[in-house]
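Hello, and thanks for passing this one along.

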Amino acid sequence: MIIIRSFAPEEGIGFTFEHYISIFTKRLYQQAVLNSVLIAIVSSLVGIIVAFLGAKAANEASSKWKDFFVNILNMTSNFAGIPLAFAFIILLGNVGVLVMFGKSMGISALANFDIYSAKGLLLTYIYFQIPLATLLLMPTFNGLRKEWKEAVMLLGGNNFVYWTKIAIPTIMPSMLATLSVLFSNAIAAYATAYALLSNNYSLLPIRISEQFVGDVVQRKEFGSALAVVLMLTMVIATSINNYFIKKSIGGGSR
Amino acid sequence: MKKSASSKIIIVLICLYLVLPLILTFLYSIFTEWNEVLPKGLTLRYYKDILLDGNFLISVIHTIIVSIVPFIICTTVVLLALYVIVVYHPEWDKYTQMLCNIPYAIQGVILAISILSLYVNAPQPFSNRFVMVVLTYCIVILPYIYRGLKNSLDTINANRLIEAAQMLGANKFYAFFAVVVPNILSGITIVAMLSISMVFGDFVIVNIIGGSYFQTTQMYLYKKLFQSGQASSVVIVVMFGIALFMSAIMNSLKNKGRQNRKETN
């Protein structure tokens with residue numbers, strides 16, 4: 001339905017590529033696509049790195065620490081959308097607590113931090129990526145067997161060799177799978193950005209919903225075309241990912 | 001030893017990043033002023049204001065309705081489907097699974113606008129916004145409900161239970177709903193909590209479809225955001241409390257289930 005409509009002209013019936021052409025030629029929408037993709041990629045990458053460190057740490061720590069960590073992750077994974085945006089406004093908004101702290105301590109990096117910007121948005125996205133990514137990655141680390149490490153040591157390898165040659169290739173497929181979950185999670189996220197920046201920052205999901213419930217004019221056909229673009233980015237990201245997953249599994253077995 | 005220390009530091013750092021906004025929101029809700037480094041004026045006034053606000057209570061009731069009704073509809077449908085699959089046509093399972101995974105791919109904004117543009121001019125019961133939101137949530141929670149119910153059915157070995165009940169003279173339908181379903185009750189509860197907390201946290205769908213027609217707590221919160229910081233942090237704390245409460249129930253049920261299984265083994 002959405003796909004069909006995206007090819008329809010705004011009035012009457014027919015077939016047209018007009019909406020797609022305008023998406024990729026008008027600066028406003030180019031910017032939306034670009035911003036969305038960039039924020040999704042950066043937040044997923046940071047999220048996965050932190051999650052990697054976190055899951056690795058949890059795997060090495062005692063079970064008491066691990067339980068504690070899992071509880072915190074579970075708890076904070078509920079904390080997303082508008083409440084999250086609000087909490088960050090309290091923290092780093094114009095009169096946010098950390099901003100005040102920075103001002104009185106003379107830390108200009110904190111005092112001048114602008115939460116209502118791409119940087120701030122990125123921070124909130126990373127926030128909701130971390131619990132999800134860590135919870136998804138943790139089971140993978142359980143699959144790493146202690147014997148493998150001992151074997152590497154016995155054969156004269158060191159820690160570095162173990163991680164680069166054995167551990168990372170083993171967990172690579174699930175890292176990549178997690179990455180694609182994170183990417184689609186971020187690119188479709190709407191509530192946080194909406195609450196934090198309203199319409200002041202161009203992101204795909206926000207532009208899409210504008211076309212349907214907009215304050216100005218509703219352009220359903222154009223919105224449909226935008227939605228198709230959003231779906232396409234997800235499909236492209238997933239297939240690139242699948243390609244790498246296949247490759248890393250294939251490479252690992254040899 | 002050095003290693004476990006460094007992993008502890010990493011855990012603490014990540015936890016700190018994750019917990020800090022939560023704690024601050026809570027602190028913010030119980031003080032009257034926070035314009036300098038330290039807050040001033042401890043008070044519970046904002047809690048009283050919010051909890052006595054009629055609009056808030058109405059929005060809570062709305063939220064509860066739109067989260068429970070989809071769960072009931074969806075669970076009934078999935079259970080009936082699983083009944084047919086388990087008892088008569090096990091080979092249909094892969095198609096059901098495929099169908100139930102589709103909502104994973106169509107998320108948030110896209111789902112909401114597709115439904116809105118498809119049904120906005122539909123005949124009455126479907127173009128009613130309330131019905132629309134409820135039915136949309138059914139789609140959103142479908143994959144989770146299917147997964148949860150299927151997993152719990154797999155663990156109890158439903159076929160054998162039904163055979164046993166039949167030997168004692170029950171028909172298949174009765175056996176499924178009187179013997180099998182009570183046995184997966186804890187699984188159903190977990191699914192219920194999961195789906196309800198998902199709907200509780202949703203803003204996208206209700207904002208786009210429900211829009212100005214009716215309010216849930218998320219919408220209420222969004223409106224409060226531009227009025228009073230304290231009031232909205234109170235709403236957040238209340239909502240988060242509910243979410244925590246539900247996940248605590250979920251966890252205790254899960255642990256119970258695990259213990260039961262250990263005892264029977």
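1. A definition to begin with: a helix axis is here a line fitted to the C-alpha atoms over the stretch in contact, and the angle between two axes runs from 0 to 180 degrees between N-to-C directions. Please also keep in mind that this is a predicted model.

2. With that in hand, look at helix H8 (residues 118-142) and helix H10 (residues 159-188) of chain A, whose axes come within 10 Å and cross at roughly 155 degrees. Angles over 145 degrees count as roughly antiparallel, and therefore H8(A) and H10(A) are roughly antiparallel to each other. The crossing of H8(A) and H10(A) is right-handed.

3. Which residues make that contact? On H8(A) they are Tyr125(A), Gln129(A), Leu132(A), Ala133(A), Leu136(A), Leu137(A), Thr140(A) and Phe141(A), and they meet Ile171(A), Ser174(A), Met175(A), Thr178(A), Val181(A), Leu182(A), Asn185(A) and Ala186(A) on H10(A). Sorted by class, this contact has 11 nonpolar and 5 polar residues, with no charged ones.

4. A word on confidence in chain A: its mean pLDDT is 77, and 86% of its residues reach 70 or more. Among the elements of chain A, helix H3 (residues 27-60) has the highest mean pLDDT, 86, while helix H1 (residues 2-6) has the lowest, 65.

5. Turning to chain B, helix H3 (residues 54-87) packs with H12(B) at an angle of about 145 degrees, and their axes are 8 Å apart. Here Asn55(B), Phe56(B), Ser59(B), Val60(B) and Thr63(B) of H3(B) meet Thr217(B), Met219(B) and Tyr220(B) of H12(B). The classes in this contact are 4 nonpolar, 4 polar and no charged residues.

6. How is chain B divided into domains? The domain assignment gives domain 1 (1-43) and domain 2 (54-264). Between them, 4 residues of domain 1 of chain B are in contact with 6 residues of domain 2 of chain B. The domain 1 side of this contact has 2 nonpolar, 2 polar and no charged residues.

7. Finally, the contact between the chains takes 49 residues from chain A and 47 residues from chain B. On the chain B side, at least two residues each come from helix H1 (2-29), helix H5 (108-119), helix H11 (204-210), helix H12 (217-224) and helix H13 (229-264). The largest share of that side, 15 residues, belongs to H1(B). By class, the side of chain B that touches chain A has 28 nonpolar, 16 polar and 3 charged residues.

Note on methods:
Residues numbered from 1 in each chain as written. Chains lettered and ligands numbered in written order. Predicted model: local features only at pLDDT ≥ 70, side-chain atom pairs only at ≥ 80, totals over all residues. Contact = placed C-beta atoms within 7 Å. Helix = DSSP H or I, 4+ residues; strand = E, 2+ residues; numbered from the N terminus. Nonpolar A, V, L, I, M, F, W, Y, C, P; charged D, E, K, R; others polar. pLDDT = per-residue confidence, 0-100. Domains from an automatic or database assignment. Parallel < 35°, antiparallel > 145°, perpendicular 65-115°, else oblique. Left-handed = near helix turned anticlockwise from the far one by under 90°.
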